[in-house]
Amino acid sequence: MKSLHRLVALCLLAFSLSAFSYTVPQGSPGFYHGNSSAAVTFDAHSLFLDNKRLYVFSGEVHPWRIPSGKAAWRDVFQKMKAAGFNSVSVYHHWGLSEGKQGSLDFNFFRSHTDVYEVAKEVGILVVPRPGPYINAETTAGGFPGWLTNNPAKARTNATGFTQAWTPFMTSVAKFAAPFQYPDGPVIAVQSENEFFPSSGSDTGRSEYMQAIENTLRGNGITKVPLTHNDANTGGRFVKGLGGVDLYMWDSYPQGFDCANPTSWSEVNSNYEPNAHQQYIPDEMWASGEFQGGSFDPWGGSGYDKCFQLTNEQFANVLYKNNYAAQTSYQNLYMTYGGTNWGNLAEPTVYTSYDYGAPIREDRTLSPKYSEIKLQATFLHSSPDFLIATSSTNGTSITTNSGIYASVLQSPTGVGFYILRQNSVKTLTSAQFQLRVNTSQGQLTVPQFGGSATLDGRESQILVSEYPFGSHKLQYSTAEIFAWSTIGGVDNIILYAQAGHSIEVVVSNVAAGSTAKVSGSTSINARTGNNNTVIITGSPSGISSVSISSKATVIVADKHTALSFWNIQLPSTTSTIYDKAPDVPSVFIFGPYLVRNATITGSRLAINGDTNVTSTTIDIIAPPQVNSVTWNGYPIRVTKSNIGTLRGTIITSLQPITLPNLKDASQWSCLDSLPEIQSNFDDSSWVTANKTATQRPIQPSAGKFVLYADEYGFHQGNTIARGHFTGNTATGVQLNVQGGFNFGYSVWVNDQFLGSNQGTNQYSSGGGTDQTTDTWTFNQTSLNTGDNVVTVVVDTTGLEEDYSGNDQFKTPRGIRGYKLIGGGDFDHWKIQGNLGGEDFPDKVRGPLNEGGLFVERQGGHLPGAPPTLFNQSSCTPLNGITSAGIRAYKTSFNLDIPTNVDAPVALQFTRTPSSSYRSVIYINGWQFGRFNSKDGPQTVFPLPEGILNHRGSNDLVVTLWSLDANGATIADLELVTTGIISSSKEAVAQVQSPSFSDLRL
Ligand code: GAL
């Protein structure tokens, strides 16, 4: 016992000796492949940039899911950076960039360089994840459609596959190479995605992985580590053939069942640390993908439910559990989801890829964003966290055995206590005292009365011996947002839930100091023994404790703290990416968003957004600041009672008047199914004359292979016309495969035979992606000469290749056919998007268009001739009275001021009792696929830059009734999903080709 006491005393001495410095020992720079001169290195604890440790707080964004391009990307990256994300992880999409083999195109939203440039300008790091296979709930998992016709097995070293991906990956490397840190923001590059090595008879996989790495290295990726995201903790590619420099793994602990958003799985705190020790004890634990939200299938619950499943409480408990497990790299998938516009989706998801992410599809900020901001900002403020290691875990660290605590202790003496309730099923709060290690020995706190509180599904990170400038928190039962020494004063910002009591002891205060509370009187402060100040109370609003003008402790209730920002200032001594507490910064309290701030002389210029007409803003800035501008306009500030500069931002948030879509005179329409007319000429269509396929899945019946992809049609609606002679056949049997929730309708000549639709993967039996149906002819519909069976198929995308079994080659369109009652089809004609792989629209790219008549004619393009829409006063609200397809067009003007961010969406009213499918085109861009039976999406965001906020717009909506008695869209209107007074750059209209460019 005695010697133990001595040991404790020695340690305590060590703690107090280090008391005046927060500098973290940097250790020797990390390693990878022996490249000791690399700018990006890592060790068992963290990554280093320029030999300085950092927490990589990363968010997943897919720039190609925001085709408006640079200005929209900048908005998202700035919002991320403001919340403390210092890195963005981006998949690149091979399929979008090579619509035809050999025709790589990295222009517009496909540009890699633009992504890196915007990131560099904003000051956010980038981890490119170019695949070539990416999964990502995108069609074919990011593979090009033409790859389905390549007989070589994908994701192996088969020659045909290697030849296919090498040009893309070579380009990827060459684009990224000049942007490797420190010349640009690229700090690592991921090879493949959730992949698995060769095994047994499954050969050529590790070789393929190694070949990707060689291609990246051989084309200039020499300065940064190569990474891989294992699907789970399987230790794949830690070492051996294809092994990467930095092994990561993915985790989605709450799964994807948005239908039960309040039902959570229990949290496991041992899993990740065990895997870390098992596989990479000498490397930092990096979370390649950690659940940021959830995808949602056709017929699912909708993204608001997914948001609820993975809401701010989820972020609070699960992300803090990661910190407890000592991750120092966390990538939240998704942080901004975006849109599966233009047939980007694979069959398990629909148009929106909102994902319930912290930044919603319309780029508005959610409560989860604010929760993440509190955490990320804290991590950047806490360099000691990066060298802290696990000391104790379990239920005995607090006085309440219902609380699980993980204690991390840094060699510098700082303690981090990460608390949660044992069970996430517990929704009630728990009272406790915590045992903390301090320079005064172990204390059980709160020690001056009362207890601390932890709500159900709440997690807290409490600290001991936590340095801020020349001061310390001996301990705190309030959480820390951030600290910064500003004008010689050490400012630290603390928060706790309203109604919770806190106890904080500030140590290292100068002898004889005083403590003065101002602002909300819910907090008390007094001086204590041993040069301390004791702060107690229950936060409500903002209280400020000034300790002899040397330190300021701000204490706020958590709700108030959600609007706090810690914004780094441009500095000559640190890089634009650095968010450590030694980088000069300001605190700004109040606004909806603060993007950035600069100080010139005595003026602080702040750029940000507000979502209410009057916002009180409190600023902690260096003393020389005496004037403030908000988005360039001066705001009057005065010294407030809590010592901040205080002013009011007044903005006028006028409601935006949107055009009414109900006025029939504003619409015209065309019949988009002339294919069932007797005089329709399909001679220019592709003849489906293949009698064999090299795909794993063979036709189920019929002489000809009718898979649309075999003929170069890889997305959207496709049409097949089968010709047979004579009137003896009595019917047709069709096996149609279009992916989950697909739909099709069939006619013989102009007689409607019927329709069928698939279901989603969660339906009983695992869902339907194909059906086999027998359709009976009405003999009077037949001719003695040529008869035509017309089949329109709405495919929901190509499958992914998650398991590496060429599943993405699954057929789309007619899988098998049989004429009943004698005879056979003479020949089949197939049609999809105009030109197939030789698609004309090089701006909107290979996937945008499908094969409906209106699309092939270019009716969806701006400037389509009025003669094409040859019927007037027909609206989708009146609809059609029989099975068939009609396309409706209207034009409208918008005049939304440039300083207002008013996301506009097209809203449908759904009638599940009637079966219809719609495709939405705005200015030639396909921004929605609607399916009345399944939904759930009824609000389709039309992003600025695609939608013209200051000018005219062309909207085309198709209505395909799968029912014999027709369909109407019950209601259709334009809505705004937010009105924000914004400092974002106005998003310029993407210069995209018109009808005359593409169809004349
Ligand atoms: C991961 C995959 C991602 C995405 C995610 C689910 O397994 O790597 O690409 O599919 O699951 O949204």
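The model is predicted, so local features need pLDDT of at least 70 and side-chain atom pairs count only at pLDDT 80 or more, while totals for chains, interfaces and linings use all residues. Residues are numbered from 1 along each chain as its sequence is written, and side-chain values use heavy atoms, with hydrogens and water left out.

**Exercise 1.** Find how many residues the largest nonpolar core has, and which of them have the most contacts inside it.

Solution. Start with the term: a nonpolar core is a set of buried Ala, Val, Leu, Ile, Met, Phe, Trp, Tyr and Cys residues joined through side-chain atoms within 4.5 Å. Buried means under 20% relative accessible area, exposed over 50%, and partly exposed in between, with a 1.4 Å probe and protein chains only. The largest core has 205 residues, and those with the most contacts inside it are Phe-77, Phe-416, Tyr-466, Leu-473, Val-506 and Leu-906. Helix 5 (residues 159-176) gives the most to this core, with eight residues. Helices (H or I, at least four residues) and strands (E, at least two) are DSSP runs, numbered from the N terminus. A second, separate core has 31 residues, including Val-732, Val-746, Leu-753 and Phe-825.

**Exercise 2.** Decide how helix 4 and helix 5 are oriented to each other.

Solution. The axes of helix 4 (residues 112-122) and helix 5 come within 9 Å and cross at roughly 25°. Axes are lines fitted to C-alpha atoms, for helices over the stretch in contact, and angles run from 0 to 180 degrees between N-to-C directions. Angles under 35 degrees count as roughly parallel, over 145 as roughly antiparallel, 65 to 115 as roughly perpendicular and the rest as oblique. Helix 4 and helix 5 are therefore roughly parallel to each other. Next, the residues: His-112, Thr-113 and Tyr-116 in helix 4 meet Val-172, Phe-175 and Ala-176 in helix 5, where contact means heavy atoms within 4.5 Å.

**Exercise 3.** Is Ala-556 buried or exposed, and which residues does Ala-556 touch?

Solution. Ala-556 lies in strand 28 (residues 551-557). Its relative accessibility is 0%, so Ala-556 counts as buried. Not counting residues up to four places away in sequence, Ala-556 touches Leu-494, Tyr-495, Ala-496, Pro-539, Gly-541, Ile-542, Ala-561 and Phe-564. Ala-496 is 60 residues from Ala-556 in sequence and 6.8 Å away in space, C-alpha to C-alpha.

**Exercise 4.** Where is Asp-105 placed?

Solution. Asp-105 is in the loop between helix 3 (94-97) and helix 4. Asp-105 counts as buried because its relative accessibility is 17%.
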